Amino acid sequence: MGRSWDFQHDNDPKHKAIFHNLQELRHSASLANKVFIQRDYSEGTTCRFQTKFPSELDSRIERTLFEDTVKTLNNYYAEAEKIGGQSYLEGCLACTTAYIIFLCMETRYEKVLKKIGRYIQEQNEKIYAPRGLLITDPIERGMRVIEISIYEDRASSGSSSGSSSTSGTSAR
Amino acid sequence: MNNCEYQQIDPQALSTPIPTPTLPQPTVVVEKEKREKARKKWEVFPGKNRFYCDGRIIVAGQSGVLPLTIGLILVTTGLFFVFDCPFLVKHLTVFIPAIGGVLFVFVVISLLQTSFTDPGILPRATPDEAADIERQIDSSGSSSYRPPPRTKEVMINQQVVKLKYCFTCKMFRPPRTSHCSLCDNCVERFDHHCPWVGNCVGKRNYRFFYTFIVSLSFLTAFIFGCVATHLALRAQGGRGLMFALQESPASAVELVICFFSVWSILGLSGFHTYLVASNLTTNEDIKGSWSGKSGAEDTVNPYSYNTIITNCCSVLCGPMPPSLIDRRGFVPVEASSQTSATEMELPMLPVKKETNVCAQGTKDLLGSASRSPCPTTGKPQPVAAADPAVTFNPALISDPAAMPSLTCGGRHHSHTTSPPDEPRHHHHHHNRHHRTRSRRGRGSKRPALHISNPAYNASLSPPSSPGPRPSHTGARDPRRDSIVALH
C-alpha cells in the first residue's frame, strides 16, 4: 500500500498517476497543516520572503533545499522589480504612448511571474510533492506569503508524521 | 479507500471522460460547462468596487464626481475646438488644435486608466492565513490591556516601521499599505482616494494619475492661453474686450473654467511632483510619518533613494506590478464532494491578458492544485488525533471557503447569492451626494464648477512642507475622515 511517497519506484500505475498529477495528491493524502512564509521587509517594499526555516518543516525537508527555493524566488522577484535600464525604457515608452502599450505588451514583471510559476511547478514536482508538501505560488495569496501545505498520507494515519518522509532519500 | 477518492471527481466538470484531470487545454470548454455553476472572482469580490465588462474594468464603489470631471473636460475642450480654433488657425497657426488634440487625448486616456485600473488592491487573507496570524499574535500575546493594539514592528533600511493589523482584511498590512474605507480594500502604496477620478490612487495607478494631472495642467494652461490670445486678437483695433466677448461667448465660459482650474491643477501637479521626487505618498505626507512631527526626530523616509532622479524614475518609470486580485478567474467550487477537478480555473492574469487565458498550462495544474487544497473527506479529526502537536484548527481546514475571506465587508458578495452589480449603484448614490455637499459646504474659496484638486477644498492649513500647494489648503477633512476611519 502506498504508505510512502516513493512514487517513482512504485509500480502501481495508480500511484504513478498520483505522482504525475499533483491534483491527485489530495486524494491519497489529507491536509495536515499549512505553513506561511512571511514577507521580509528589511529592504523596503520590494518583494522578498523570509528564509527562516519554519519548525513545522523540520522533519519534512532539508533546510538547504528549502532555503534554496526561497532564495531563488527572492532572486526572481528582485529581477522583476529591478529598476534599471530596461524598466526605464519600458516606463518611458509607456508614458509616451499614454500607457496604451500596457494593453498590448506583456511587461517584464509578467514575464518573470510566468517564470516563477514554472519554477514553483518544477520544485513541487521534483522536491516537494515527494515529501508530501505543496508550495502555493505567492501571487495567489496577494504576494504576502508563501503557503506551504503539509499533507499527511491517509494510509499512515495513526502514526506520526515522521514516517512518511522515509522515502525522501529515494525520491530524488 | 483511495478508490473512493478518485470517483469523487465530478465527470461533468471535465471536458474529457478521463477521471484524472488533464492539463487545462480544455479551459475554454470547461469554462462553458461550468458557466452555470462557477462564478468569476469579481462577482464575489468582498470590497466595495464595481466591475464592468466581465471584470475587465474596475471602479470604486462610489464614482465620486468622475462624470463631472469628464464632463468638464469634454465641454471645455469641445468649446475650444469649435469656437476658438477656427479663429486661431486663421490668424495664427494650425498647430494649435494639433497640440490641443494631443493634450486632450493624453488627458482622457490617463483619466480613464486612473479610474479603471486596479490601484493595487490586496486580496484579503484566506481563512488559513488569518488563523495562522491570529495564532502568532496570541502566542506572542503581551496584551495586558484590551483590545490588543495588533501592531508589528519591522526594520526597513534601519528604520523602525510599525505595521498595523487590518481587521477587515485580517492581515498585517505591508508597509505603505492603507485601508480605504470608501472602497473597503487595503491598497498598496495608498496615496489617497480621489473622488474626481472615482478611484483610489495607489501603487498601480499612481503613474496614470500623475500623467493625468500633469497633462491636465498643460491642457488647461494651453486652453487658457489660447482663449486669452483669441479674445485679445478680437479686441484689437480699439474694439474692446466686451465686443470680443459678445462675438465669442463660449470663450468667456472657457476662460472662467480654465482660470479657476489652472491654479488648483498646477498646484496639485506641483505637490505631486514634490511627492514623487521625495518618494512619499499623500497619506504619509499628511500624517507626517517621516518628517519627524509625529514621532522621533530621527525618522527619515526609508523608501527614498535619496536622489531625486532615482526617486522619480522608480515611482513613474518603475516596473508595472501585476494586479493581485484575480478578477476574471473562477471561484473555486467549494463543495467538499467536488474535488480538484472542478477547480480548473483560469490562471491568474492581469486584465489585459484575458485573450491569453488558455496559455498557462503548467501553471494551471499547480494553480488549481494549490489554490484550494481542501481535504475531500472533510474529516480532519483523525489527522489531529494522529499528531496532537499539530495545533492547526480543524474547523478551518474543513472550511470550504478557499477564496478570499468573505466573513467581513462582503455586503453584496456573499457567495451564497449571486450578486449583480446594480445594487451597489443605488447604495452609494446618496453617499456620493453627501460627500460632495459636505465638501462644498466647507467654505471653499472656489466655485464648485472648476476642475480642481481632488478632495482639497476645506480651509485647513497644510503642514509646513515646501512647494507651492495653494490648492490643498483645504479638504483635509474628507480625506482625513477616510484616513482616520481606517482600522
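Is the crossing of helix 3 of chain B and helix 6 of chain B left-handed or right-handed? Keep in mind that this is a predicted model, then select residues 66–91 of chain B for helix 3 and residues 206–234 of chain B for helix 6. Look along the pair and you'll find a left-handed crossing.

**Stop 1: helix 3 against helix 6, chain B**

With those two still selected, check the geometry: the axes come within 10 Å and cross at roughly 40°. Helix 3 of chain B and helix 6 of chain B are therefore oblique to each other. From helix 3 of chain B, the residues in the contact include B:Thr69, B:Ile73, B:Phe80, B:Asp84 and B:His91. Helix 6 of chain B answers with a set that includes B:Phe212, B:Ile223, B:Val227, B:His230 and B:Arg234. Colour this contact by class and you get 13 nonpolar, five polar and two charged residues.

**Stop 2: helix 4 against helix 6, chain B**

On the helix 4 side, pick out B:Ile99, B:Gly100, B:Leu103, B:Phe104 and B:Val107, which are among the contacting residues. Facing them from helix 6 of chain B is a group including B:Phe208, B:Phe209, B:Ser215 and B:Phe218. What does colouring by class show for the contact of helix 4 of chain B with helix 6 of chain B? You get 15 nonpolar, six polar and no charged residues.

**Stop 3: a salt bridge in chain A**

Over all chains, the structure holds 17 salt bridges. For one of them, select A:Glu147 and A:Lys34, whose closest N and O atoms are 3.2 Å apart. A:Glu147 sits in strand 3 (residues 145–153) of chain A and A:Lys34 in strand 1 (residues 29–38) of chain A, so the pair ties together parts 113 residues apart in sequence.

**Stop 4: colour by confidence**

Helix 3 (residues 63–80) of chain A has the highest confidence at 91, and helix 1 (residues 13–20) of chain A the lowest, at a mean of 48. Select residues 14–19 of chain A, where pLDDT stays under 50 and the model has 18 contacts beyond four places in sequence.

Chain B averages 68, and 56% of its residues score at least 70. Helix 4 of chain B, from Stop 2, is where confidence is highest in chain B, at 92, while helix 12 (residues 381–386) of chain B is lowest, at a mean of 40. Select residues 371–487 of chain B to see a stretch with pLDDT below 50; beyond near neighbours in sequence, this stretch has 243 contacts in the model.

Notes:
Residues are numbered from 1 along each chain as its sequence is written. Chains are lettered from A and ligands numbered from 1 in the order in which they are written. This is a predicted model: local features need pLDDT of at least 70, side-chain atom pairs count only at pLDDT 80 or more; totals for chains, interfaces and linings use all residues. Side-chain values use heavy atoms; hydrogens and water are left out. Axes are lines fitted to C-alpha atoms, for helices over the stretch in contact, and angles run from 0 to 180 degrees between N-to-C directions. Helices (H or I, at least four residues) and strands (E, at least two) are DSSP runs, numbered from the N terminus. Contact means heavy atoms within 4.5 Å. Ala, Val, Leu, Ile, Met, Phe, Trp, Tyr, Cys and Pro count as nonpolar, Asp, Glu, Lys and Arg as charged, and the others, Gly among them, as polar. pLDDT is the predictor's confidence in each residue, from 0 to 100. A salt bridge is a side-chain nitrogen of Lys or Arg within 4 Å of a carboxyl oxygen of Asp or Glu. Angles under 35 degrees count as roughly parallel, over 145 as roughly antiparallel, 65 to 115 as roughly perpendicular and the rest as oblique. A crossing is left-handed if the near helix is turned anticlockwise from the far one by less than a right angle, and right-handed if clockwise.
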